[in-house]
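Please read them with the sequence and the structure open beside you.

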Amino acid sequence: MYRIVRPDGSVRWINDRGFKVHDDTGRVYRIAGIAEDITERRHAEEAVRSSQHELRISNRIAEIFLTTADDEMYSEVLHVLLEAMESRYGIFGYIREDDTLIIPSMTRDIWDECRVRDKTIVFPREKWGGIWGRALVEKRSLFANEGLHVPEGHVPVTRVLVVPVMYAGKVIGLLQVANKATDYTYKDQKFLETMANKIAPILNARLQRDTEQRERKQAEEALRRSEERYALAQRAAEIGSWDWNILTGALTWSETIEPMFGFRRGEFDKTYDAFLDCVHPEDRKSVTDAVDACVEGGEDYLIEHRIVRPDGSVRWVSETGDVIRDERGEAIRMLGVVQDITERKDAERRLELHDFRLQSLLDLHKMGEASKEEILDFAREEIIKVTESKFAFIGFLSEDESAMTIDNWSKLTMAECAVADKPMHFPIAKAGLWGAAVRQRKPVVVNDYEAAHAAKKGYPEGHVPIKRFLCIPVFEGKRIVAMGGVANKESDYNESDIDAMASMINDMWRVIQRKQAEEARSVLLLDMGERVKELTCIYEIAKSIRQRQTLEEIFQDTVALIPLGWHYPEITRVKVSFDGVEYVSEAFEETEWKLTSELVISGERSGSVEVYLLEEKPMLDEGPFLREERYLIDNIARALSGAIERKRAEENLRRYRQHLEELVEERTIELTEANKQLLQEIEGRKRLEKEILEIGEREQRRIGQELHDSIGQQFTGIAFMTKVLAQKLSAKLPSEAADATEVVSLVNRAMDQTRSLAKGLHPVDLDTDSLTSILQELAATTEKLFGIRCTFECDGPIAIDDAAVAVHLYRMVQEAINNAIKHGHAKNIHIGLTHDGKKSVLTVQNDGLDFPGMEAKSKGMGLQIMDHRAEMIGGSLDISKAAGGGTIVTCEFANKKG
């Protein structure tokens with residue numbers, strides 16, 4: 001349930017309900033729903049709630065006036081109003097005869113928080129100021145939600161609503177509320193004015209009493225206050241007391257009862273019989289029975305009944321009483337009170353009528369399975385009940401709104417009306433009151449049919465007499481589609497009747513529209529079912545065309561599938577003819593009810609598709625066949641014609657492919673032989689490359705071994721002899737001895753460098769488990785020889801199955817370091833080795849000059865050798881530019897053989 005805003009700015013309440021629509025497989029494929037305009041119902045509910053709320057507040061205030069002491073009464077009434085108005089501050093005051101405003105009670109918060117000097121609750125007329133003073137002087141309600149100014153020290157006032165209390169055209173008091181959390185509205189003003197109207201007679205009575213009390217003696221003040229309060233309670237609650245002398249029949253009423261029963265003072269005859277004459281004839285027996293039961297049986301006398309005033313108006317009263325008996329137990333007097341409860345009874349009746357109206361709308365919306373006539377009959381009888389009328393009709397307008405047809409009359413109308421020709425057709429141009437509703441495009445209400453009326457044209461002879469009349473149009477968009485009318489309510493038709501009747505007939509129209517939509521939907525679903533059958537048929541035939549290998553299989557599937565897509569599948573037979581061969585469905589038989597479509601191949605007729613019905617059926621679009629069945633057989637024929645042409649094309653293509661395959665086979669033999677020769681040449685080249693690398697490796701090892709074994713030993717001997725020479729010279733020639741020692745140091749450094757070179761040329765201890773340690777040593781040697789930073793990092797020992805692989809990796813790192821120093825002029829080199837169980841990655845990154853590109857890579861012998869080494873170990877080599885400058889050499893390789 002939600003609200004919508006129309007383009008004209010008006011707001012409407014919508015009750016929206018939806019449901020899922022499933023297909024044959026249970027899948028939800030759409031959502032459908034019903035949107036219902038419940039604005040009138042909401043307004044009715046709000047009106048009832050508002051009326052009940054006002055009644056509760058007024059009853060509480062009346063109770064306070066009757067039961068609360070003078071010094072607290074104003075505060076208690078103000079507290080009730082502040083709570084109802086959701087306001088923080090307020091005042092309730094009265095005006096004395098000298099035009100002085102007395103405020104016996106301000107909101108406690110105001111008095112406690114106010115810092116105005118010389119605070120007072122007495123305001124002479126010359127001191128009336130601000131918005132409240134203006135309201136009193138101008139005798140009208142005012143409210144403001146901004147721009148308010150208060151004296152220095154006064155509590156802040158952000159919003160205020162002021163309502164003068166008026167009685168007999170005179171201002172007698174003031175109601176003011178302030179500082180509501182939200183803005184005051186005209187609705188708030190209306191509510192407070194209603195409360196002021198309720199308070200006015202009670203307050204006026206109290207002020208009159210106060211004036212009288214001030215004029216009486218001090219000694220009688222307490223007694224008179226009690227009497228005035230009792231009188232005030234009777235007047236405020238419209239209660240009167242009575243005393244019936246059972247022995248004499250005399251009946252004494254208090255002063256409030258005579259006006260309650262419609263008499264002027266002194267007009268009542270003051271007898272029990274005169275009282276019974278006032279009781280409504282339909283209630284008189286129940287009253288006398290209740291009195292007798294109380295007098296004779298001692299039962300409680302508590303009854304509600306109607307009275308008829310002298311002017312003919314009917315009122316409801318509530319009476320309670322008790323019997324006074326003598327010492328013998330005989331009833332001698334009966335005392336009691338009577339109260340006018342007409343407003344309460346009217347409120348109850350309105351609430352009951354409202355509940356009945358809501359239930360009627362609910363019952364109407366449950367009639368989804370009923371026929372249109374049943375819906376109309378129900379709606380017609382219900383509008384009679386919800387408007388408390390005697391007669392009713394419902395009519396429908398023509399498309400151009402030029403005439404109305406009435407064929408739905410209330411039962412009482414049909415029984416009493418002597419007018420013939422039902423249903424009746426009325427031209428709008430000649431119509432009277434109900435025609436005015438069409439012309440004016442709004443409801444028409446006439447509560448005195450005998451009075452002159454511009455649109456009234458009377459009714460035919462024999463028509464039921466009309467006293468009161470109400471007619472309401474039903475709109476579909478901007479067009480009037482229907483009309484509802486009622487007549488002869490006992491009392492006048494009012495806005496409540498219009499709202500109730502409008503809700504009923506508008507909902508009736510929606511229910512009828514929904515039912516018609518559901519019937520159309522059923523037809524649509526049936527039609528959709530037929531279309532689904534047809535689509536399934538063409539789909540299955542298309543699938544057969546795609547999947548079957550031969551035309552014979554396709555034709556056999558087609559004659560079996562076509563009956564499933566026809567309107568009468570159980571009596572449908574099919575024949576497909578092609579190239580003099582016929583394919584027929586099971587139990588095939590030719591009849592006179594036939595539908596044919598030709599197979600056209602390359603513009604020539606080559607066969608046909610024929611559908612037969614075994615029985616005669618009603619004539620449809622083409623004989624007993626539907627228009628859609630003509631479309632279906634033509635589509636099937638076109639699909640089969642296309643399949644035949646495609647199959648022929650596929651056969652030609654197959655032959656052409658076979659010829660190509662034969663040619664390819666011959667060429668493949670030739671290429672295979674050429675590939676064998678090429679592979680042999682590649683293998684030979686790889687062997688040659690491997691031999692060259694092995695020769696180079698052996699030569700490096702020989703040079704390294706020579707450096708280590710020959711030159712290294714010589715450096716060792718020179719160092720030893722020089723050291724001995726230094727020892728001999730140390731005693732005689734100390735300076736020469738120091739030079740000799742320096743020579744020893746130089747020889748040792750040269751020997752270390754020689755060994756390092758030898759180690760690089762011939763890593764004699766390099767095997768499958770020592771690659772990481774040799775690379776670590778290579779990094780340290782590079783730092784020492786070239787004076788740059790060279791680091792090595794590995795995430796753990798790596799097992800290399802083949803020692804040759806370790807040698808190739810070591811040589812690739814050597815080459816990458818040489819290139820970085822020689823060509824890149826690097827200052828930092830980092831060697832990394834990682835593995836994940838399946839493959840390992842070796843990286844050499846430097847911060848030197850950027851890598852020159854693929855052209856240099858293709859020309860450099862060292863890089864070509866690195867590519868060959870990577871290929872020989874089954875790895876891949878990548879050389880790229882580092883993010884911060886320099887070059888990254890990456891080699892990925894498998895950890896193990898295989």
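This is a predicted model: local features need pLDDT of at least 70, side-chain atom pairs count only at pLDDT 80 or more; totals for chains, interfaces and linings use all residues.

**Notes on the model**

1. Strand β23 (residues 593-601) pairs with β24 in the antiparallel sense, over nine bridges. Strands here are DSSP runs of E with at least two residues, helices are runs of H or I with at least four residues, and both are numbered from the N terminus. Two strands pair if DSSP finds at least two bridges between them.

2. Residues are numbered from 1 along each chain as its sequence is written, and side-chain values use heavy atoms, with hydrogens and water left out.

3. Strand β24 covers residues 604-613 and is mostly covered, with eight of its ten residues buried. Buried means under 20% relative accessible area, exposed means over 50%, and partly exposed lies in between (1.4 Å probe, protein chains only). β24 also pairs with strand β21 (residues 572-578), again in the antiparallel sense, over seven bridges. There, Val-574 has Val-611 in β24 as its bridge partner.

4. These strands belong to an open sheet of four, in the order β22-β21-β24-β23, with antiparallel pairing. Its edge strands are β22 (581-584) and β23, each of which pairs on one side only. On average, neighbouring strands of this sheet are turned by 20 degrees against each other, direction ignored. Axes are lines fitted to C-alpha atoms, for helices over the stretch in contact, and angles run from 0 to 180 degrees between N-to-C directions.

5. At the β22 side of this sheet, β21 and β22 pair in the antiparallel sense over four bridges, and Lys-575 stands opposite Val-584 in β22. Helix α15 (residues 551-561) lies across β21 and β22 and runs at about 160 degrees to β21. Contact, here and below, means heavy atoms within 4.5 Å.

6. Another open sheet has five strands in the order β25-β26-β27-β29-β28, and its pairing is mixed. The edge strands, β25 (789-794) and β28 (876-881), each pair on one side only. Neighbouring strands of this sheet are turned by 10 degrees against each other on average, direction ignored. Within the sheet, strands β26 (residues 828-835) and β27 (residues 839-846) run antiparallel and are joined by seven bridges. Leu-833 stands opposite Leu-842 in β27. Helix α18 (residues 771-786) lies across β25, β26 and β27, at about 165 degrees to β25.

7. Helix α2 (residues 70-85) has 16 residues and spans 23 Å from its first C-alpha to its last, close to the 22 Å expected at 1.5 Å a residue. The expected span is 1.5 Å times one less than the number of residues. Buried residues of α2 include Met-73, Tyr-74, Val-77 and Leu-78. Glu-86 follows the helix and has a positive phi, near 55 degrees.

8. Is Gln-189, in a helix, buried or exposed? Gln-189 is found in helix α5 (residues 186-215), and it counts as buried because its relative accessibility is 14%. Leaving out residues up to four places away in sequence, Gln-189 touches Ser-141, Phe-143, Leu-161 and Val-163.

9. Ile-257 lies in helix α7 (residues 257-260) and is buried, at 0% relative accessibility. Beyond its neighbours within four places in sequence, Ile-257 is in contact with Gly-240, Ser-241, Trp-242 and Val-338. Ile-257 and Asp-340 are 83 residues apart in sequence but 9.1 Å apart in space, C-alpha to C-alpha.

10. How many disulfides does a search of the whole structure find? The search finds zero, where a disulfide is counted as a pair of cysteine sulfur atoms within 2.5 Å. Cys-471 is buried at 0% relative accessibility, and Cys-891 is buried at 2%.

11. For the whole protein chain, there are 21 helices and 29 strands. Of its 898 residues, 41% count as buried. Among contacts between residues at least 6 apart in sequence, 56% join residues at least 24 apart.
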